[in-house]
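Trainee: I would like to take a close look at one chain of this model, and then see how the others compare with it in outline. Could you take me through it slowly?

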Amino acid sequence: MYDAPHTTERDVTQTEIKIAAKNVQVYYGDTHAIKDVDVQIEDKTVTAFIGPSGCGKSTFLRTLNRMNDTIDICRVEGDIRIDGEDIYDKRVDPVQLRAKVGMVFQKPNPFPKSIYDNVAYGPRIHGLAKNKTDLDEIVERALKRGAIWNEVKDRLHAPGTGLSGGQQQRLCIARAVATEPEVLLMDEPCSALDPIATSQVEELIDELRKDYSVVIVTHSMQQAARVSQKTAFFHLGNLVEYGETGKIFTNPEDPRTESYITGRIG
Amino acid sequence: MPAYWLFLIVLAIAAVGFVLGRMRALQSAKGDSRALHSLKGYYGWNVALKVLIPALLVLVVWQLAYPLYTNATVAGLIPEASVNDGSSADLVLAEVRRTANGLEAAVASGQIADTQARDTLADPVAMTDSLRSAGQIVTSELTTPILNAAQHYRAMGETGALIRTVVVLLVAFGGLFWGLSDSYKDFRARNTVEQTVKYLLIAAASIAILTTLGIVLSLIGNTIRFFNLYPASEFFGSLTWQPSFGGGSELGIWPLLWGTLYISFVALLVAVPIGLFAAVYLSEYASPKLRAFAKPALEVLAGIPTIVYGLFALLTIGPLLISVFGPDGAGWMTGTRSVMTAGIAMGIMLIPFVSSLSDDIINAVPQAMRDGSYGLGATKSETVKQVVLPAALPGIVGAVLLAASRAIGETMIVVLGAGAAARLSLNPLEAMTTVTTRIVSQLTGDADFASPEALVAFALGMTLFVLTLGLNVFALYIVRTYREQYD
Amino acid sequence: MTDASMPTDTPRHGKSIMVADAHTKKRNASEKRFQAYGLAAIGAGVFFLLVLLGAILSNGLSAFQQTFIEVPVYLDAAKLDKNGNRDPEDLKKVSTFGYNPLIQNAILEQVQAAGIDTPLDKASEMKALISASAAAQLRDRVIANPDLVGETVDFRILAASRVDGYLKGRVQREDLARDKNIDAVHLDIVDQMRERGLLAKAFNWEFVFGADASESRPEQAGIGIAMLGSFFMMLVVLALALPIGVAASIYLEEFAPQNWFTDLIEVNISNLAAVPSIVFGILGLSVFIQFAGLPQSAPLVGGLVLTLMTLPTIIISTRAALKAVPPSIRDAALGIGASKMQSVFHHVLPLAMPGILTGTIIGLAQALGETAPLLLIGMVGYIATNAPDGLVEGFMSPNSAMPAQIYEWAKRADPAYYERAWGGIIILLVFLLSMNIIAIILRRRFERRW
């Protein structure tokens, strides 16, 4: 089940496990931030992590592409496999891992470069384009996938910072998509956006599900309900419940989940 | 009465005024301090400030204005004829002042009788001799007009001191009575004192403006005097710098500017890569331990006075370069002083300047920018080179410009390390000279301040001031617009 | 669902993350290189610091040691006091020329008594061994105590600079051909005297507390008087820059309205901070000396110039300290009916004081090391030979300052003065270091985090 992710004989209806995490512990110095989390994230699915703030959902998300490596005091234990490969193995180069597992952040963070250069950044550093035309194509494809092509195609060389918040976030998604990852991690991608921009990004997430395994951390239960197929509820560093989104929201097993979705804790 | 005695007396009057003012106010409230409008101390301060401020103001203005007045009067006494060829009224006036001071000192030490010093009919030759034997400096033979002018100058100084004492004391006592007459219980002493203090604060803040004004006026005034004696077209047009105190100097600024810029360039060549890479490493890679050690170590370099770097250039770097490039080595270098000698020392001095400025600027780049890049799978160096540095570029350019302005204005390192030969050469192992070294040598030499050879220093100073100020304003503008981008 | 719905336009890597591909290897190599550059840069900075400190210590420490010759000198009454009445006025009439033969005789006697093998047998030939200052020192001692005449006193004489240099390794026998001041014969005597303990190095207090000497007597030169000059300058700076700087900062931080005048002040302060120090020297020369007629070379003028130079530093740090006091403190004072002025002077200022003092000390340290403006107002070396008589003299009479004294020594031709210059730097750095340590301690102990 874990092997041969590149086999052509794939049945999309049958969900494959993309990421499998077992007994994951995360420590920040002396703080035990993530306790014993087991989760299996499926391919071509939107998985939502929900929970009150400080519950560890973002921290866990960041362990999936080793963004926590940049924080000195952070320590990860346990076993996280992508396509059966342990991402905390010594042989793994986090740079290659992150090319495979892209990330979109809470606040849109376009580089102070042109729109084109923002999107071309990933393909350039990973050497994905053979030549200029190739790169142009990659950029165009990524921008189209980011559902922002029509808005920016006439000003590809204008600075990315000049776009509106929602456009910036979609640009960042296009930027992440351009490196052709297999998993997209999104850390509260809509929390800095207005409702209209939010709905645009949510639509986009739904689109992306066709090609990627998407993991989204969100504050808003409505958003989780709208975009995700699977939902994981985190509380105080524990994964309390994980299952079909519909089931979590209508018929949770754990009383803590119920309290949260009915608004009693949060 | 010397000025400092007068100053102490005014202080004493103010202190007495403080006590009296407080007492009077308390008396008017029949000893009940609650009946006073303000706390009783304020009544004291009210009187003290009314004594101090006007009296000291008068004293300072007098100290500044009276010498001008005496100079003008005495200058009027000197007949045209006694200004020799090759000399100027300024030179003669300086001679007069020197003589007057000599007379004063000789009388004070008892070597010349006061009456003799005042004798307007005294034989100038005899007077020269007696001044000389009293150990006073007399540059040439005195003439009767100069001696008389000196005597007049001295007399004016004496009357001036007397008038000054009287006027200052009058003003101080006036202030005392004014303050005391205010000291009754309903007087709003606190408000008055606070208002006065506020004006004092404004005055203190205005000293910055006055300083700039002083710099600009002293530079402009003397630069104009210089250009009256020496054509500006030569100064800015000539490629030779050859001052000779006998006259006929060639004072072209270009060799000096070239030396200045060349040495600054070498310094930046040392400081910018090292400073920038050190800043990048410290902010992006270094472990907290290394940072805690390396950052202060680099900052120590910034706290070392420039004279130390000058000595280091002259006595350590110079000989080192000579041993490599000198007659025993490659044979390209003849003396320890050279563009490289000064440039390297200056570069070392600028390392912490560049690194700490760059460090601030690099840290101002938001972490989200780095995260975005790491999230795409970029390595740290790719993130630094392609995201952080481009984002920080304007700030770094500003920092480099600030460093350049420092280098251009630096004096001690080049005075000791760069040499005195003004030449337009490309060889960095040759001695060259700079604007700042020439300012020092022209103003500490034997030239009289009225000669173009000395006055040129002011024109050089003006050039330096304009150059560094321009660089700074530009750099600060860049840095500030850059900072606003992320605020 | 069929394969047709597969995103065929997305070529997946499908590569294992366990194996680094060639491109990644290249990228990681460049990452390593980049890191190495950074480390090298820090290494270079630290290396320069170490070399600088090494040069200072290795060249300068020897300045604190000086070679002395201990010798009993017979103070011949027939030569020094012909009248025989020990009258100090009479003794003063004998110039140093009268003392030189006595000292030279004493040395010769000692050399012969110690059985030192030398072809020299004339007293005057001993001259090259001793400092030219020895006679003056002996004369001063005799005038201070006339009863010594006729006695034999043990006298510690400064050895000549070349002898000192020979002991310290600065003067080499190979260089003697070019040296007019000493020759091999004398150095033979020196070697033997050293073996017999007649001549030795000792700590030289005169270097720390003495006055500068003329160009030909490096062995006698000291930095003490220049230190006094620096001290009086620092008094001026402290007395002016601290109150003016604090007053200006209080105005700008607490009272100044947003208008063009405030802007003008701000612009001026930030620009003054960047004006080259030599320009302040020009200002001092033309405003304080030429215009206001203050005496040249006086620590008062030096202090005034350095005050103007230090003001921006003090203002900037004071404003930062005032800014760090939270507005709630001001509100609390105003809330119980204090005036704005009272809230500032009773509450904000005392709370900001540690920060202000730290900034002031750092400003003072900066001023203490500054040289260039002092050269223009004439505070160069070899100006004062005696300590000033009093406070007023200290401010008004010509003097030098430590860094200017160091510069003066560095300019002189005799390499013996280079050692002095490095030694002077050690003393200067000791002052700077202590000031900075005081500032750090102040900051650590009193700084409040809000």
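Trainee: Among contacts in chain B between residues at least 6 apart in sequence, what percentage join residues at least 24 apart?

Mentor: In chain B, 72% of the contacts between residues at least 6 apart in sequence join residues at least 24 apart, where a contact means heavy atoms within 4.5 Å. Before we go on, please keep in mind that this is a predicted model, in which local features need pLDDT of at least 70, side-chain atom pairs count only at pLDDT 80 or more, and totals for chains, interfaces and linings use all residues. Residues are numbered from 1 along each chain as its sequence is written, chains are lettered from A and ligands numbered from 1 in the order in which they are written, and side-chain values use heavy atoms, with hydrogens and water left out.

Let us stay with chain B. Its secondary structure comes to 17 helices and 2 strands; here helices (H or I, at least four residues) and strands (E, at least two) are DSSP runs, numbered from the N terminus. The C-alpha trace of chain B spans about 85 × 75 × 35 Å along its principal axes. Its radius of gyration is 31 Å, whereas a compact globule of 487 residues would have one near 23 Å; this radius is taken over C-alpha atoms, and the globule rule is 2.2 Å times the number of residues to the power 0.38.

Of the 487 residues of chain B, 51% count as buried, and buried means under 20% relative accessible area, exposed over 50%, and partly exposed in between (1.4 Å probe, protein chains only). The accessible surface of chain B comes to about 21000 Å², with 66% of it belonging to carbon and sulfur atoms; such areas come from the Shrake-Rupley method with a 1.4 Å probe, and for residues only the protein chains shown count as cover. Chain B also carries 29 positive and 31 negative charges, whose mean positions are 16 Å apart. In that count Lys and Arg are positive and Asp and Glu negative, while His and the chain ends are not counted, and the place of a charge is NZ of Lys, CZ of Arg, CG of Asp or CD of Glu.

The buried residues of helix 13 include B:Met369, B:Arg370, B:Asp371 and B:Tyr374. Just after helix 13, B:Gly377 takes a positive phi of about 90°.

Now for the other chains, beginning with chain C. The secondary structure of chain C comes to 18 helices and 3 strands, and its C-alpha atoms fill a box of roughly 125 × 70 × 40 Å along the principal axes. Chain C has a radius of gyration of 33 Å, whereas a compact globule of 450 residues would have one near 22 Å. Buried residues make up 53% of its 450 residues. One of them is C:Ser297, which counts as buried at 9% relative accessibility. C:Ser297 sits in the loop between helix 11 (277–291) and helix 12 (299–324) of chain C, and its phi is near 65°, a positive value in a residue other than glycine.

Chain A has 10 helices and 10 strands. Its radius of gyration is 18 Å, close to the 18 Å that the globule rule gives for 266 residues, so chain A is as compact as a globular protein of that length. Of those 266 residues, 58% are buried. In chain A, 4 strands form an open sheet in the order 2-1-4-5, with antiparallel pairing, and two strands pair if DSSP finds at least two bridges between them. Strand 2 (31–42) and strand 5 (85–86) are the edge strands, each pairing on one side only. Strand 1 (residues 17–28) is joined to strand 2 by 8 bridges, and the bridge partner of A:Ala20 in strand 2 is A:Gln40. A:Asn23 also lies in strand 1; it is not a glycine, yet it has a positive phi of about 50°. A:Asn23 is partly exposed, with a relative accessible area of 42%.
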